[in-house]
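Subject: Structure for your review

Dear colleague,

Please find the structure below, together with an account of what was found in it. I would be grateful if you could read the two side by side.

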Amino acid sequence: MKARCPECDGEIEVYDDVINGEIVTCPECGMDFEVVIEEKGEIKLVPAEVEGEDWGE
Amino acid sequence: MRIGESEMTIEIGLVYDRIRWEEKQLLKAAQDREIKVKMVDSRKESVNLLSNYEEISETFGDPVLQRCISYFRGLHLTAILESKGVRVVNSFDVSLKCGNKLFTTLTLSKAGVPVPETMAAFTMDGVFKALNDLGYPAVLKPVVGSWGRLMAILKDKETTQAIIELREKINNALLQIYYVQKWVDRPPRDIRVVVVGDEVVAASYRYSPVDDWRTNVARGGKSEACPITPELEEVALKAAEAVGGGVLAVDCMESREKGLLVHEVNNTVEFRGLASTTNVDIAGKIIEYVAGVVKR
C-alpha cells in the first residue's frame, strides 16, 4: 500500500505485512517515520524518534 | 520452573522501542516455532514499582527478551522486571556490565580474558598522564555509547587537547569519564562473535568503510564470513561467561602483537550484518534460548 509523506507529500511504500512501530523512510525527502496501525487497521505515519546518545547495542 | 509452564504455554515478552530488522526476524522465528510472543513497546508503558509478579508478567510476559535500542531505558526496565521475578535476557547485571566499556574491561580483565591496554582518567591532566604511558595514537571512547559514536583517535597533544576541551563543554557527566585505549596494530577489521548461552552461533569480520576507521556496521562497516577457530571460540565463550552469559555479541580485534583482544561485549545484539554472511538462523537460536530460560 502507498502512504503520503507528512513532510514532503512524497509517496512511501508500506508493505502489507508491516508491523506496528516499524520505521519507513521517505524515498524523496529522507525523513524517517514510524508506522502506527490504528484500531480500524488504518496506517498513520508519525515522525520517528531521533537517535539518542544511549542508542545502540 | 513455575507450575504448568512449558515451551508451549510460555509467552515471551519482546520488549522494544524501535522495530529494527532484528526484531522482525525474532518475531518471525517465534511464530515459526509456534512460541507465543507479546510485543511490548516500552515507550507506551508506565510501570507501578509496587506491583506484583502477576501484574508485571501480564503486561510484559515472562521470560522477557529485552531489545530496547535506548540503553538506559532497557536497563531500568530490566531492573523493574527482574525485581518482580520476571526472567529477562539479558539480565540487569549483564546489561550493566556490558553497557559501560569501563565496567566491561574490568570484568573481562578480572576473568583473564585478553583486552586492549586501557586507562581511565577524570580530567584533562589525567588524560595526558595516561597518554604518557600509552603513547600516541590512542583511542578515546565514551564509557556508554554505541555504533562508534564520539570515538576519537588521539593523534597528538594538540588534537587531544581540542577533543578533551570539547568533551568538557558537553553537559554530560559520563563524558567526563575518559576511557583511553592503546592503539591496537591490527588488520582494518574486527570480529563479531554472537554467543547464545554456551554456544558460539556465528562470527563475522567487520571491515571499516573506506572513509572511516571504525568498523561498526551502523557506520557503514561491511560484514564478511569469519571461520570460528578454536581460539576464537574459547575467547568468545570466556568473555560471554565473564559478563554473566546470555545473548551477547563479543567484539574482538586481531592484535598483531598479542592475538585476539576483546574490546566490547554487546548486550542488545544487532546481527543483521552478521546474518548476511551465514546460513545460521541466529534469530531462531535466540528465541529458542529465551524460551528455554524457563527450564533453567
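A polar contact is a pair of N or O atoms within 3.5 Å; within protein, one of the two must be able to donate a hydrogen and the other to accept it, and residues adjacent in sequence count only if both atoms are side-chain atoms. By this criterion, 17 residue pairs are in polar contact between chain A and chain B, both residues being at pLDDT 80 or more.

This is a predicted model, in which local features need pLDDT of at least 70 and side-chain atom pairs count only at pLDDT 80 or more, while totals for chains, interfaces and linings use all residues. Residues are numbered from 1 along each chain as its sequence is written, chains are lettered from A and ligands numbered from 1 in the order in which they are written, and side-chain values use heavy atoms, with hydrogens and water left out.

The interface

Chain A contributes 15 residues to the contact and chain B 26 residues, where contact means heavy atoms within 4.5 Å. The two chains bury about 1900 Å² between them, 41% of it on carbon and sulfur atoms; buried area is the accessible area (1.4 Å probe) that two parts lose on being put together, summed over both. On the side of chain A, Asp54(A), Trp55(A) and Glu57(A) lose the most area to chain B, together 43% of what that side buries.

Six salt bridges are counted between chain A and chain B, each a side-chain nitrogen of Lys or Arg within 4 Å of a carboxyl oxygen of Asp or Glu. One of them joins the side chains of Glu22(A) and Lys24(B), at 2.6 Å from N to O.

The sheets

Strands here are DSSP runs (E, at least two residues), numbered from the N terminus, and two strands pair if DSSP finds at least two bridges between them.

In chain A, three strands form an open antiparallel sheet in the order S3-S4-S5. Its edge strands are S3 (23–25) and S5 (43–47) of chain A, each pairing on one side only. Three bridges join S3(A) to S4(A), residues 32–37, and Val24(A) has Phe33(A) as its bridge partner.

In chain B, four strands form an open antiparallel sheet in the order S5-S8-S6-S7. Strands S5 (118–121) and S7 (152–154) of chain B each have a single partner strand, so one side of each is left without a neighbour in the sheet. S5(B) pairs with S8(B), residues 178–182, over four bridges, with Met119(B) opposite Val180(B).

Yours sincerely
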